[in-house]
Structures are given as C-alpha cells and as structure tokens.
2 protein chains.
Amino acid sequence: MQISSRFTVAIHALICIEMFKADHKVTSDFIASSVNVNPVVIRKLLQQLKKAGIVQVARGSGGADTARPVDQITLLDVYKAVECVDEGGLFHFHENPNQLCPVGKNIHAALDGRLETIQEAMEREMSEVTIQDILSDTERLITS
Amino acid sequence: MQISSRFTVAIHALICIEMFKADHKVTSDFIASSVNVNPVVIRKLLQQLKKAGIVQVARGSGGADTARPVDQITLLDVYKAVECVDEGGLFHFHENPNQLCPVGKNIHAALDGRLETIQEAMEREMSEVTIQDILSDTERLITS
DNA sequence: TCTTGTTGTAACCATTGACATTACAATAAG
DNA sequence: CTTATTGTAATGTCAATGGTTACAACAAGA
C-alpha cells in the first residue's frame with residue numbers, strides 16, 4: 001500500500017503556484033495541465049490545502065496562492081492536509097484480536113508504542129523539508 | 001492511506017508462534033483464532049513470510065515455526081515480506097506530469113531524493129525493532 | 001492402507017478508496 | 001450581463017483488501 005499520489009500532486013501544485021504566480025493567474029485548469037490530471041481533482045485538492053491554511057483560493061475571479069511563505073510550509077503540513085490521517089495514523093491495526101488469548105489481549109499495547117515511534121521518525125523527516133527547498137531544487141534543475 | 005493490517009497481523013502471528021510453540025502445534029487455525037480472522041488469511045500470510053525466509057510451515061502434519069531466532073527478525077523484514085513493495089516504494093508519484101511545463105518536467109527529479117530520504121528514515125526505524133523486542137514486551141504485559 | 005488433520009491455492013464476493021469525469025450552481029469582476 | 005472560474009454533487013471505473021468456500025495435496029498415526 002502506498003501513500004496517495006495526492007501528496008506529490010499537492011507538492012507539484014504548490015511549486016506551480018510559486019513558480020508562475022508572478023506571471024499568470026494560477027487557476028485549477030492551469031495546474032491541472034501541468035500535473036496532467038482533471039481540473040476537478042486539483043480543485044478538491046486545493047480545498048484540502050485551504051482547510052489546512054496552506055493556500056488561498058479566489059472564487060469567481062479565480063486563481064490560487066499560498067497562504068504563507070513557502071519556507072514555512074513543510075512536507076508534513078502538506079501530508080497532513082491531503083492524507084486523511086484523522087486517526088489511526090500510518091498503520092492499520094487489526095480490529096478484533098481475541099481477548100481470551102493472552103497474545104491477542106496484549107498485542108495492541110505491546111505494539112502501539114513501537115509503531116508510533118516509526119511514524120514519528122517519518123514525520124520528523126517530513127517536517128524538515130519545506131516547499132521552498134523543493135522550489136529551489138526545481139529552479140536549479142530548470143536553469144541547468 | 002494506511003499500511004495494510006497484514007503487517008500487524010503478521011507480527012501478531014509471529015508472536016503467537018513463539019509464545020505457544022513449546023506447548024501446542026501452532027496451526028493456521030490456532031493463529032486465526034487469536035487474531036480473529038479467517039484461517040485462509042493466515043495461510044496466505046504465512047506463505048508470504050515463508051517466501052521471505054522468516055517462517056517454516058509444515059504441510060500435512062501442520063504447524064508453523066520461525067525460520068531463525070526472533071531477535072534476528074526485524075519489523076522491516078516483516079514489512080518487506082507482507083507489503084508488496086516490489087517497486088515504487090512508500091510514495092506514489094503521479095505518472096504523467098506535463099513535459100512541456102518546466103515544473104512538470106523537473107518535479108520528479110526535484111522530489112525523488114527527498115521522498116527516498118523520508119522512506120529510509122521510516123525503514124531505519126523499522127529495522128531497529130525485532131520480533132524479540134515485541135515478544136518481551138508482550139510477555140511483560142501478560143505477567144503483570 | 002486408510003483415516004484424519006492440515007496446508008496450499010484457486011475461485012469467488014463485498015467493500016473501500018483512488019482517481020476520472022460530467023454537470024451545474026455560486027461567485028466575482030469587467 | 002457576460003465571462004471565467006470555483007465549489008461540489010453525482011457517477012463510473014479500477015485496484016486492493018479482506019472474507020469465504022471448496023478442494024486437492026500431503027504427512028503421519030492407527
């Protein structure tokens with residue numbers, strides 16, 4: 001099982017916004033054409049990013065922009081915005097282990113802390129990369 | 001999107017094997033009753049663990065056992081055995097960014113290294129926990 | 001040899017989530 | 001009022017998960 005491509009699409013969208021907002025109005029159609037998906041997919045994505053306070057979207061007149069400087073938007077922010085990590089987290093625990101079995105009764109408690117540590121390691125790494133970092137890398141690649 | 005419960009079920013199964021193999025023959029039915037799933041699910045899982053060299057399964061006579069000491073089986077071993085992480089890894093990149101757009105053309109290269117680093121952080125953490133660790137924790141919980 | 005318990009596996013089915021697509025009302029600005 | 005755009009509902013397709021039944025292959029004891 002993989003983390004949804006919404007994550008990389010969202011990053012792509014943010015890079016597009018930063019890269020082109022000085023020149024064009026960056027609409028869902030514009031982003032969709034760079035990512036190569038249906039514009040509605042981008043609109044739904046922008047709604048999620050908006051709810052998380054990452055972007056602003058201009059209804060009617062059109063166009064999206066970042067809601068704060070991109071060196072203050074981490075990959076973790078984006079990840080949490082687009083993955084529905086409401087609860088449960090990265091790992092999916094089987095629901096109903098047999099409580100009459102000593103292992104079934106205790107496996108959850110024995111494993112939870114470990115899984116959390118693993119997830120935290122991933123999230124820590126995500127929180128150390130900002131959209132600005134990706135933007136700089138992309139600019140470097142474009143001009144080389 | 002979450003990592004399949006096959007992962008935690010596999011760990012549960014291994015703990016069951018270690019905990020009970022001295023007393024009972026640990027069959028797929030036995031494990032299934034502790035995990036509370038269909039025995040066929042366990043059998044398929046054991047096949048994956050067997051292919052990865054983690055367990056041995058006795059056809060005919062019945063019963064599963066670990067193929068090597070559990071302090072030499074890490075969570076990463078189990079993860080790789082049950083998740084079909086053949087390729088692509090943890091993240092799912094959108095396939096066809098627009099090559100005519102400078103961002104679409106370079107986003108892949110700009111992002112790949114970062115995503116890899118994140119995945120490696122997760123896998124490193126997984127490789128530092130063994131089934132023996134979980135087993136010890138479980139035993140401690142049972143006797144307390 | 002026959003019986004019994006078990007594994008290995010194929011064949012389904014239901015459910016879920018991702019992603020695509022169409023359609024259209026709501027909106028903002030010229 | 002017109003036009004471009006967003007917000008969102010409705011629908012469809014596809015793949016993966018997880019469940020279940022069924023049964024042949026197999027090993028070992030009676």
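**Exercise 1.** Which helix gives the largest share of the surface near DNA strand D?

*Solution.* Begin with the conventions: this is a predicted model in which local features need pLDDT of at least 70 and side-chain atom pairs count only at pLDDT 80 or more, while totals for chains, interfaces and linings use all residues. Residues are numbered from 1 along each chain as its sequence is written, and chains are lettered from A and ligands numbered from 1 in the order in which they are written.

Then assign them to helices (DSSP runs of H or I, at least four residues, numbered from the N terminus); at least two residues each come from helix 2 (28-35) and helix 3 (39-51) of chain A and from helix 3 (39-51) of chain B. The largest share, five residues, belongs to helix 3 of chain A.

**Exercise 2.** Find the helix that gives the most to the surface near DNA strand C.

*Solution.* Helix 3 of chain B gives the most, with five residues.

**Exercise 3.** Explain why helix 4 (residues 75-82) of chain A is largely enclosed by the rest of the structure.

*Solution.* Count the buried residues (20 or more other C-beta atoms, placed from the backbone, within 10 Å of their own): these are A:Leu75, A:Asp77, A:Val78, A:Tyr79, A:Ala81 and A:Val82. Because six of its eight residues are buried, helix 4 of chain A is largely enclosed.

Key: A residue is buried if 20 or more other C-beta atoms lie within 10 Å of its own, exposed if 12 or fewer, and partly exposed in between; C-beta atoms are placed from the backbone.
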